[in-house]
Amino acid sequence: MSLKVDCPTCGTSTAWSPLNPFRPFCSDRCRLIDLGEWFSEDRAIPGDEPTPTENPAMLQLSAEDLALLEQD
Ligand SMILES: [Zn+2]
């Protein structure tokens, strides 16, 4: 008896068994694609945690501000 599942990435019917280390995915590629989608969704939130180079305030520091930061 073999159990079949549909690959969440491509929908291919694939065996759910110890012989398939990528289950429930049909292949390593589909597994990585699914993980990639999770990561990209996490990082696609608009306006969330801009990097210093994208934050205008960080580009407008005076020499005095930089000196204060360095003392920290
Ligand atoms: Zn697949």
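**Exercise 1. Determine how many helices and strands the protein chain contains, and in which order they occur.**

Step 1. Helices and strands are taken as DSSP runs, a helix (H or I) needing at least four residues and a strand (E) at least two, with numbering from the N terminus. On this basis the protein chain has three helices and two strands.

Step 2. Along the sequence these elements follow the pattern β-β-α-α-α.

Step 3. The model is predicted, so local features need pLDDT of at least 70 and side-chain atom pairs count only at pLDDT 80 or more, whereas totals for chains, interfaces and linings use all residues. Residues are numbered from 1 along each chain as its sequence is written, and side-chain values use heavy atoms, with hydrogens and water left out.

**Exercise 2. Identify the protein donors of the zinc ion, describe the geometry of the site and locate Cys 7 and Cys 30 in the fold.**

Step 1. Donors are N, O and S atoms within 2.8 Å of the metal (3.2 Å for Na, K and Ca); water is not among the atoms, so sites may look incomplete. For the zinc ion the protein donors are the SG atoms of Cys 7, Cys 10, Cys 26 and Cys 30, lying 2.3 Å from the metal.

Step 2. Four donors count as tetrahedral if all angles lie between 85 and 135 degrees. The angles among the four donor atoms here are 106 to 118°, and the site is tetrahedral.

Step 3. The spacing of the donor residues in sequence is C-x2-C-x15-C-x3-C. Cys 7 belongs to the loop between β1 (3-6) and β2 (13-16), and Cys 30 to helix α1 (residues 28-42), so this pair ties together parts 23 residues apart in sequence.

Step 4. Cys 7 is buried at 3% relative accessibility, and Cys 30 is likewise buried with a relative accessible area of 3%.

**Exercise 3. Describe the surroundings of Thr 14 and Thr 12.**

Step 1. Thr 14 is part of strand β2 and is buried, with a relative accessible area of 9%. Leaving out residues up to four places away in sequence, Thr 14 touches Leu 3, Lys 4, Val 5, Cys 7, Asn 20, Pro 24, Phe 25 and Cys 26.

Step 2. Thr 12 sits in the loop between β1 and β2 and is partly exposed at 38% relative accessibility. With the same exclusion of residues up to four places away, Thr 12 touches Val 5, Asp 6, Cys 7 and Cys 26.

Step 3. The C-alpha atoms of Thr 12 and Phe 25 are separated by 8.4 Å, the two residues being 13 residues apart along the chain.

**Exercise 4. Locate the salt bridge of the structure and describe Phe 22, a contact partner of its residues.**

Step 1. Side chains of opposite charge can pair when their charged atoms come close. A salt bridge is a side-chain nitrogen of Lys or Arg within 4 Å of a carboxyl oxygen of Asp or Glu. The structure holds one: Arg 31 pairs with Asp 28, with the closest N and O atoms 2.9 Å apart.

Step 2. Both residues lie in helix α1, three residues apart, about one turn of the helix. Arg 31 is partly exposed at 32%, as is Asp 28 at 30% relative accessibility.

Step 3. Phe 22, in the loop between β2 and α1, is partly exposed at 26% relative accessibility. Beyond its neighbours within four places in sequence, Phe 22 contacts Ser 27, Asp 28 and Arg 31.

Step 4. The loop between β2 and α1 also holds Pro 24; the peptide bond from Arg 23 to Pro 24 is cis, with omega near 5°.

Definitions and conventions. Four donors count as tetrahedral if all angles lie between 85 and 135 degrees; four count as square planar and six as octahedral if opposite donors are over 155 degrees apart and all others between 65 and 115; anything else is irregular. Buried means under 20% relative accessible area, exposed over 50%, partly exposed in between (1.4 Å probe, protein chains only). Contact means heavy atoms within 4.5 Å.
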